[in-house]
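This report describes a structure of protein chains, moving from overall form to individual residues. Please keep the sequence and the model in view while reading.

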Amino acid sequence: MRKLLNILPFIFVSFFVHAKTIKVGKLHEYTSIQQAITGAQAGDTVLVETGVYKEKNIVISKPIYFIGLNFPVLDGESKYEVVSIKCNGVVIDGFKVIHSGVSSIEDFAGIKIYNCRDVVVKNNILDDTFFGIYAQQATNCTIEKNTLKAYAEQEQQSGNGIHCWKSDSMKIIANTVSGHRDGIYFEFVTNSIIWRNTSFNNMRYGLHFMFSNNDSYITNIFKNNGAGVAVMFSNHVKMIHNYFEENWGDAAYGLLLKEISDSYISNNRFTKNTTGIHMEGTSRIVMENNVFENNGWGLKIQASCMEINLINSNFIGNTFDVGTNGSLVLNTFNNNYWDKYDGYDLNKDKIGDVPYRPVSMYSMIIEQTPPAMILFRSFMATLLDKTEKIIPTLTPENLKDDNPLMKPLSL
Amino acid sequence: MKKIIKYVIIDILRNKIMLAYTLFLLLISLSVFNLEDNSAKGLLSLLNIILIIVPLVSILFSAIYIYNSAEFLELLVSQPLKRKTIWLSVFVGLAGSLALAFFVGAGIPILLYEATATGIMMLGIGLILSVIFVAIAMLAAVKTRDKAKGIGVTILLWLYFSLLFDGLVLFLLFQFADYPMEKAMVGISTLNPIDLSRILILLKMDVSALMGYTGAIFKNFFGTQIGVALSFIILLLWIVIPTWLSLRKFNRKDL
């Protein structure tokens, strides 16, 4: 027994010794990262000191902790993919990755994860990369607190910030992405979460979602992107507490929903977009507690949408609250606050006694003849709107909120 | 010239209608800003007043004033004064007092409640519109000798600028819906000072909606420094050209 107790510390020590730390830097045994990785065992830590490392493509094919001190620079010299991760359980932390190669045949990235799981990419700075962080067929990886910046000028010659393809259970947390084609791109990604990211000034979409089911994105900020945020061909998506701001242009939307079903949109804020939400072929969606402020159109809901439930939302200061392109309405609007509502509340239950029709005549006219926008707010246009309110002819009969609120909700 | 301007202004300011107009504007703008919970919405209500009431009052009041002071004008003409001086003095007097009434009635509430870029733009445009419609009224008054006919013409002109013109434009838009009308629309809008004013305010007020494809064209034209400067020059032309035409007519008119 005593013998065993004597040996025990040695067993522990040998455990720690086994996972050793390999330092890379000018004054250390290794000056090259790739050599240090070759010399490392599974579970070792490769600690890289400050400096500029031009090592073409760094391939990590062992489960190691790859850690940078004070952001050592990994330079791809505009020719190579900088870091390739080809093993489960790699952690990469604290690097500055710059100048990845640009190619129209291969998807060069700053950091690319190939077919593996449990990889953690965190606290890195990526500057001037083609694709930023790219995950293909990855499972349960974490991409956290990275800052990605690119200088895209043309859509064809730029890549996405965080790009996930055919992946599952990804966690994209607290990253900042700007200047890429799409800030965050999801294609065939399931059961994943996008949380607390900021995506702004990207060429195309702040967030681009395709064929990705059962995902959530929560508390993100999407601002001033070329075309806002697009969520397409997906189901069971949850969008909660996001900010969609200042996406300006004819084809720019705070949020574009195309062929989406069974989703939940709540507590989001749409501010100063040309169109807050644009919906097309969308079905079975609950939208509640959202705020639409100062948009051109709060909501554009095409006649191809059905079973959309819009409740308890605030519409404040939008030029047009709701726009549509047909007379078929299979959606319900209820208990929203509309600042343009001019009805009355005789029984003082804080709910207006006459229904509110959020589609104005003039918004229908503009839908058909866009240049008519030049006459907006003229005496003529106001007159048309007023007559339409009395006798609806052009606007859809059933698109109305039967219980409009008299006071805005505090959201 | 100064003496005549002074006389005209004092004469107008003593007029009860002018006082009523100022009070009316003041009352409406104050109530509009106090009733609405956000002052941006108040500004929107005020926009309609500026685009409809201000031109109407300016054009009618000026026309009636010119007709009523026909004898006074005859008297002045018999004095050793140039006709140009007389006519321009009457114009400056009318324009000055109507602009003053607008500034007191609507300008001060705007500056108090909504001194934003939109508010300032609205104030400037209200002042310019007052002057433009004085110029148009003087042209109409000098062209028609009969008072009843002249007032009828001014009412028709007001109706045309604030309603018929827009109806015509809307008709054109529907007729030529298949053609790219955006650029033509920019040109057409300069033919009506009320439309031009409205678009300038719209660009400050509904900028998000205007960023749509068609809107982007308007925005690219009117929204730039040059566009705004150009629009103001066109508005000034709307003052200068009618005034010049009426002056020419007045110079040769057999009173």
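## Overall form of chain B

In this predicted model, chain B has a radius of gyration of 19 Å. A compact globule with 255 residues would have a value near 18 Å, so chain B agrees with that expectation. Along its principal axes, the C-alpha trace of chain B spans about 60 × 45 × 30 Å.

Chain B contains 12 helices and zero strands. Its pattern along the sequence is therefore written as α-α-α-α-α-α-α-α-α-α-α-α. Of the 255 residues of chain B, 43% count as buried. Among contacts in chain B between residues at least 6 apart in sequence, 79% join residues at least 24 apart.

## Helix α2 of chain B

Helix α2 of chain B covers residues 16–35. At 1.5 Å a residue, its 20 residues should span 28 Å, and the end C-alpha atoms are 28 Å apart, which agrees.

Which residues of α2(B) are buried? They are Y21(B), T22(B), L25(B), S29(B), V32(B) and F33(B). Seen down the axis of α2(B), these buried residues fall within an arc of 110°, so they line one face of the helix. They pack against two other helices of chain B, α3 (39–68) and α5 (83–113). The face of α2(B) turned away from the buried side carries the exposed residues K16(B), L19(B), A20(B), L27(B), N34(B) and L35(B).

## Helix α12 and P242 of chain B

Helix α12 of chain B runs over residues 225–252. Its 28 residues should span 40 Å at 1.5 Å a residue; the end C-alpha atoms are 41 Å apart, which agrees. The buried residues of α12(B) are S231(B), L235(B), W238(B), P242(B), T243(B), S246(B) and F250(B).

P242(B) deserves a separate description. Why does P242(B) count as buried? P242(B) has 21 other C-beta atoms within 10 Å, and a residue is buried if that number is 20 or more. Leaving aside neighbours within four places in sequence, P242(B) is in contact with A135(B), I136(B) and L139(B). P242(B) and A137(B) are 105 residues apart in sequence, yet their C-alpha atoms are 8.8 Å apart in space.

## Overall form of chain A

Chain A has four helices and 38 strands. Its C-alpha atoms fill a box of roughly 95 × 55 × 30 Å along the principal axes. Of the 411 residues of chain A, 46% count as buried. Among contacts in chain A between residues at least 6 apart in sequence, 46% join residues at least 24 apart.

## The two domains of chain A

The domain assignment of chain A gives domain 1 (20–207 + 218–224) and domain 2 (227–359 + 396–411). Taken over C-alpha atoms, the centres of domain 1 and domain 2 of chain A are separated by 37 Å.

The contact between these domains takes 11 residues from domain 1 of chain A and 12 residues from domain 2 of chain A. On the side of domain 1 that touches domain 2, strand β24 (residues 221–223) of chain A gives the most, with three residues. By class, that side of domain 1 has five nonpolar, four polar and two charged residues.

## Where chain A meets chain B

How many residues does the contact take from chain A and from chain B? The contact takes 26 residues from chain A and 33 residues from chain B. Helix α4 (residues 379–390) of chain A supplies the largest share of the side of chain A that touches chain B, namely three residues. The residues on this side of chain A divide into 12 nonpolar, 11 polar and three charged.

## Two positive phi angles in chain A

Most residues other than glycine have a negative phi. H99(A) has a positive phi of about 50° although it is not a glycine. H99(A) is found in the loop between β9 (96–98) and β10 (109–114) of chain A. With 20 other C-beta atoms within 10 Å, H99(A) is buried.

F233(A), a residue other than glycine, likewise has a positive phi, near 50°. F233(A) is placed in strand β25 (residues 228–235) of chain A. F233(A) counts as partly exposed, because it has 15 C-beta neighbours inside 10 Å.

Key: Residues numbered from 1 in each chain as written. Chains lettered and ligands numbered in written order. Predicted model: local features only at pLDDT ≥ 70, side-chain atom pairs only at ≥ 80, totals over all residues. Domains from an automatic or database assignment. Contact = placed C-beta atoms within 7 Å. Nonpolar A, V, L, I, M, F, W, Y, C, P; charged D, E, K, R; others polar. Expected span 1.5 Å × (residues − 1). Buried ≥ 20, exposed ≤ 12 C-beta atoms within 10 Å, placed from the backbone. Arc of directions from axis to C-beta. Rg over C-alpha atoms; globule rule 2.2 N^0.38 Å.
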